[in-house]
Amino acid sequence: MPHHKEIRNDADLSVPAYLLLQGKVILLCASGGIAVFKAAGYARKLMEAGARVITVMTENARRFVSPLTFAALTGEKVHYDTFDDSDAHLIPHISLAREADLMLHLPATANILAKAANGIADDLVSTLYLAYSGPVIFCPAMNPMMYSHAATRDNIAVLRARGHEIVEADFGNTACGEKGQGRLACWEDIREAVIRTLTPQSLKGLKVLVTAGPTQEAIDPIRFISNRSSGKMGYAIAAEAARRGGEVTLVSGPCAIPAPSGTRLVNTISASDMAEAVSRELDEADIVIMSAAVADYTPVETSGQKMKKGADTLELILTKTPDILSGILERRTPEQLVVGFCAETGALEAKALEKLARKPVDLLVANDVSEPGAGFDVDTNRVLLVDRDHNLEKLPLLSKEEVAVRILNRVEELLS
Ligand code: PMT
């Protein structure tokens, strides 16, 4: 039978991508290593995140990948000639340096690291480095022996001490047939470094405690009571707080997603574990955001052995778990800002106001988890923000990444 691809129309639930890099100009400086071919794909992804990408290539980079590839992918002229006189009144290294919000060396060879560390300017890429005063990221990629060589490590140390960001290479098989550290970092790490570098450090100096994910309440060694929380909402908040320079501790129930870079992950399983972890971290925190879906009840007894199948029905006796948020509200200092969540099915506004009366947080983030695209285990959410003065803000269906941005914007307003 012929195989037909099903064509789905998810238009009703589609959410415009959140353009984290909207309006930013990135000067992508490619030097000559095989990883240049990956840089071409990354350039495209940076554009998809909203950035304008202007590529500058060394002579050796052009041996690996044609400038035409970058020009076609970015829709921009690719620069490589210091003495380009096609636009007579502009000096390339000055005009490009003025335009950029970020200089991204992708990939950075041992040679460009050495030239930048020592201020050598003998082509357009190295000259631009000296002519540029904004933030600079180097993403090294090279043979593992070259990467671990004392000269390269010293050059990296010099560049780091100068305030530049280094996205260290990954371990694995390299194109030259060796195994070790030298592969260009993965897209996620480079993306995160770019976003963090371009994000105003508005939470710098503040400690942010975020809870996320479900809890698991054990029935016996192999069974538990839990819920559908994936952790996506809380992890997105933790990631955004870290991008803004916050010192983030993420207390998480069991989740299948990696901890956002720049956060400290504290793993917990049950509601009582989570309560203990939060209690340990609370006094240090300036901002507490409780997005975890904590079980309200837990089995009174947990069997040490696998429970055997027996009678047709089985009764489990459950007891209330500690209400972590209520505990926080009793112990908080007036300086601490507390954000609670509220997961409901229907009548969201009324239930949110009722919850705010019982749990007087500074900001309540309410979601109707019965709505398509909202709540548990999806990449999007539709939330209602209610602050301590009962100001309501209804947000449309957005990616959880953007919901996190909106929540933290409100948090910052409430702090000021
Ligand atoms: O993880 P995702 O798949 O991305 O899904 C996101 C989410 C739906 C889990 C999230 O948006 C959300 O709504 N989180 C709160 C879920 C919840 O438990 O809501 P609640 O209305 O039952 O609890 C209210 C508040 O009390 C919450 O801040 C909760 O963390 C807290 N709580 C609840 C019970 C308990 N024993 N201790 C608590 O601290």
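Visitor: How many aromatic pairs are there by this rule?
Guide: The count comes to two aromatic pairs. The model is predicted.

Visitor: What makes Tyr42 and Trp187 an aromatic pair?
Guide: Their rings lie 5.4 Å apart, centre to centre. The rule asks for centres within 6.5 Å. So the two rings pair.

Visitor: Why is this pair of Tyr42 and Trp187 called tilted?
Guide: The angle between the planes is 45°. Stacked needs under 30 degrees, and edge-to-face needs over 60.

Visitor: Which parts does the pair of Tyr42 and Trp187 tie together?
Guide: Tyr42 lies in helix α1, residues 36-48. Trp187 lies in helix α9, residues 187-198. The pair therefore ties together parts that are 145 residues apart in sequence.

Visitor: How do you know whether Tyr42 is buried or exposed?
Guide: Tyr42 has a relative accessible area of 10%. Buried means under 20%. So Tyr42 is buried.

Visitor: And Trp187, buried or exposed?
Guide: The relative accessible area of Trp187 is 13%. That is under 20%, so Trp187 is buried.

Visitor: Why is the pair of Tyr129 and Phe138 called tilted?
Guide: The ring centres of Tyr129 and Phe138 are 6.1 Å apart, within 6.5 Å, so they pair. Their planes stand at 55°. Edge-to-face would need over 60 and stacked under 30 degrees, so this pair is tilted.

Visitor: What makes Tyr129 and Phe138 count as buried?
Guide: Tyr129 has a relative accessible area of 8%. Phe138 is at 0%. Both values are under 20%, so both residues are buried.

Visitor: How do you know that a charge sits over the ring of Tyr80?
Guide: The charged end of Arg62 is 4.0 Å from the ring centre of Tyr80. The distance cut-off is within 6 Å. The rule also asks for a position within 35 degrees of the ring normal. Arg62 counts as sitting over the ring of Tyr80.

Visitor: Which residue lies over the face of Tyr147?
Guide: Arg153 does, at 4.8 Å from the ring centre. This distance also falls within 6 Å.

Visitor: What share of the protein chain is buried?
Guide: Buried residues make up 49% of its 416 residues.

Visitor: How far apart are the mean positions of the positive and negative charges?
Guide: They are 3 Å apart, for 44 positive and 54 negative charges.

Terms used
Residues numbered from 1 in each chain as written. Predicted model: local features only at pLDDT ≥ 70, side-chain atom pairs only at ≥ 80, totals over all residues. Heavy atoms only, no water. Buried < 20%, exposed > 50% of the residue type's maximum accessible area, 1.4 Å probe, protein only. Lys, Arg positive; Asp, Glu negative; His and termini not counted. Charge placed at Lys NZ, Arg CZ, Asp CG, Glu CD. Phe/Tyr/Trp six-rings, centres within 6.5 Å; stacked < 30°, edge-to-face > 60°. Helix = DSSP H or I, 4+ residues; strand = E, 2+ residues; numbered from the N terminus.
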